[in-house]
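Reader: I am new to this structure. Please take a close look at one part of it, the aromatic ring pairs, and describe what surrounds them.

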Amino acid sequence: MPENQTPSSVSQDGPGAESNAGHSNMLLLIQLRWIAVVGQITTIAVVIFGFGIALPLRDLLKVLACLILFNIASHLRWRASRVVTNGELFLALLVDAATLTGLLYLTGGTTNPFAFLYLLQVILGAVLLEAWSTWVFVAITSTCLACLSLYAKPLLLPTEQLSGLSNLYIEGMLLCFALNASLLVFFVSRINNNLRSGAAMLADLRQHAAEEAHIVRMGLLASGAAHELGTPLATLSVILGDWRHMPEFRKNPQLLDELGEMQAQLKRCKTIVSGVLMSAGEARGESSIKTTICTFLDELVLEWRVTRPVVVLEYNNHIEQDMPVVFDSALKQMICNVLDNAFESSPTWLRFEAMREGGVLRLVVTDAGDGFPAPMLTHFGKPYQSTKGRPGGGLGLFFTVNVVRKLGGVVHARNLVSGGALVQVTLPLAAISLE
């Protein structure tokens with residue numbers, strides 16, 4: 001009697017890849033066992049009523065009942081768990097082999113052409129099991145086949161034995177070959193798809209880990225640079241303060257104006273250094289602030305507009321229902337990075353829009369520049385992908401994408417048909433909400 005088989009997953013290098021591939025394969029196994037039960041019942045009915053061959057029907061139904069109970073238990077087990085181990089896969093294949101052995105024992109043993117289904121089970125074991133368990137499985141199935149040749153109950157066939165395709169054994173062998181080939185193509189294709197999906201997820205996780213390690217190194221370098229800059233900035237602040245009281249500067253209004261501009265820019269540099277240190281964790285109590293979405297965005301745009309010589313900045317806040325949230329310096333810097341990149345591309349005109357759509361905060365920055373080159377759109381958010389042509393370029397967008405991804409959001413970029421580019425940041429409100 002035919003016995004359909006299918007895989008679970010072998011453990012992969014990462015838990016995410018193992019979980020998804022293994023769970024998909026185990027669900028496939030459960031589905032195909034139900035198909036196997038239907039196929040076996042159909043085969044028994046055809047043999048008994050179509051060919052008039054006597055079979056031990058009660059014993060065959062007992063074996064099928066055991067398979068049905070095992071499949072129900074498998075469904076309950078794998079509905080709540082997603083990780084498949086090699087031992088669990090080995091057990092599943094052993095149950096399939098035991099079921100096939102029981103059916104063959106009651107229907108002629110090795111004289112039954114469906115005995116070749118053992119080969120299908122061995123091939124699936126070679127694909128899915130670890131090396132040691134594969135050889136153990138080969139030994140077990142070989143032993144089962146040898147025992148069937150010695151102890152199986154004989155199958156009483158009709159007395160007339162026709163030759164060629166009219167012979168029942170030949171017909172059964174051809175059907176078994178077609179079944180083996182079909183199941184192998186179907187199962188191996190599904191297995192490969194699941195394993196490729198798991199490998200792609202694993203590669204993505206490794207890429208994310210490498211990017212996060214890169215961010216950590218950047219943070220350490222920025223923190224160190226901020227410490228080093230603190231002393232010369234403080235010295236410059238003292239010197240500029242002394243110059244303001246010198247007669248040569250007090251008598252010259254133009255020099256006083258330039259001195260005031262220098263002090264304002266120096267204050268901005270000190271603010272940037274303080275922000276770097278807060279992001280590095282040296283002022284954790286001040287890094288996060290409780291506010292509302294509209295208040296935070298309005299203040300951010302006002303501060304950004306004052307400190308950048310942009311000609312026109314269209315700020316459209318479409319958020320009608322404000323809500324309390326928590327924003328930290330990393331989120332503020334992320335939004336400023338997007339605006340800065342747009343400003344460098346289009347210093348005369350920018351548009352910044354904010355909207356709330358259900359449980360999502362959507363921020364859209366549009367510029368009138370030259371847009372993104374096609375290769376940069378393909379690798380958007382990767383480090384050192386920049387149109388500025390200077391060493392270290394592209395780290396702002398890299399930082400932006402990673403901050404948004406940490407919060408469960410996404411960043412999309414595209415060029416506009418009318419010219420310019422659009423960058424859209426989508427954040428789940430649950431990641432920043434205080435409600």
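Author: Phenylalanine 352 is buried, at 1% relative accessibility (buried is under 20% relative accessible area, exposed over 50%, partly exposed in between, with a 1.4 Å probe on protein chains only). The model is predicted, so local features need pLDDT of at least 70 and side-chain atom pairs pLDDT 80 or more, whereas totals for chains, interfaces and linings use all residues. Residues are numbered from 1 along each chain as its sequence is written, and side-chain values use heavy atoms, without hydrogens or water.

There are 4 aromatic pairs in the structure (ring centres of Phe, Tyr or Trp, the last by its six-membered ring, within 6.5 Å; planes under 30 degrees apart are stacked, over 60 edge-to-face, the rest tilted). In one of them, phenylalanine 90 and tryptophan 132, the ring centres are 6.2 Å apart and the planes stand at 55°, so the pair is tilted. Phenylalanine 90 belongs to helix H3 (residues 86-106) and tryptophan 132 to helix H5 (residues 131-151), so this pair ties together parts 42 residues apart in sequence (helices, H or I of at least four residues, and strands, E of at least two, are DSSP runs numbered from the N terminus). Phenylalanine 90 is buried, with 13% relative accessibility, and tryptophan 132 is exposed at 52%.

The pair that includes phenylalanine 352 has tyrosine 315 as its partner; it is stacked, with 5.7 Å from centre to centre and 20° between the planes.

Apart from neighbours within four places in sequence, serine 133 is in contact with Asn86 and Phe90 (contact is heavy atoms within 4.5 Å). After H3 comes glycine 108, with a positive phi near 105°.

The axes of H3 and H5 come within 11 Å and cross at roughly 10° (axes are lines fitted to C-alpha atoms, for helices over the stretch in contact; angles run from 0 to 180 degrees between N-to-C directions). H3 is therefore roughly parallel to H5 (under 35 degrees is roughly parallel, over 145 roughly antiparallel, 65 to 115 roughly perpendicular, the rest oblique). On the H3 side, Asn86, Phe90, Leu93, Leu94, Ala97, Thr101, Leu104 and Tyr105 make this contact, and among those on the H5 side are Trp132, Ser133, Val136 and Phe137. By type, the contact of H3 with H5 has 13 nonpolar residues, 4 polar and no charged (Ala, Val, Leu, Ile, Met, Phe, Trp, Tyr, Cys and Pro are nonpolar, Asp, Glu, Lys and Arg charged, the others, with Gly, polar).

H5 also meets helix H4 (residues 117-128): their axes come within 9 Å and cross at roughly 170°. H4 is therefore roughly antiparallel to H5. Tyr118, Gln121, Val122, Gly125 and Ala126 of H4 make the contact with Thr134, Phe137, Val138, Thr141, Cys144, Leu145 and Leu148 of H5. The contact of H4 with H5 has 8 nonpolar residues, 4 polar and no charged.

As for the whole protein chain, there are 13 helices and 7 strands, and 38% of the 435 residues are buried. Of the contacts in the chain between residues at least 6 apart in sequence, 71% join residues at least 24 apart.
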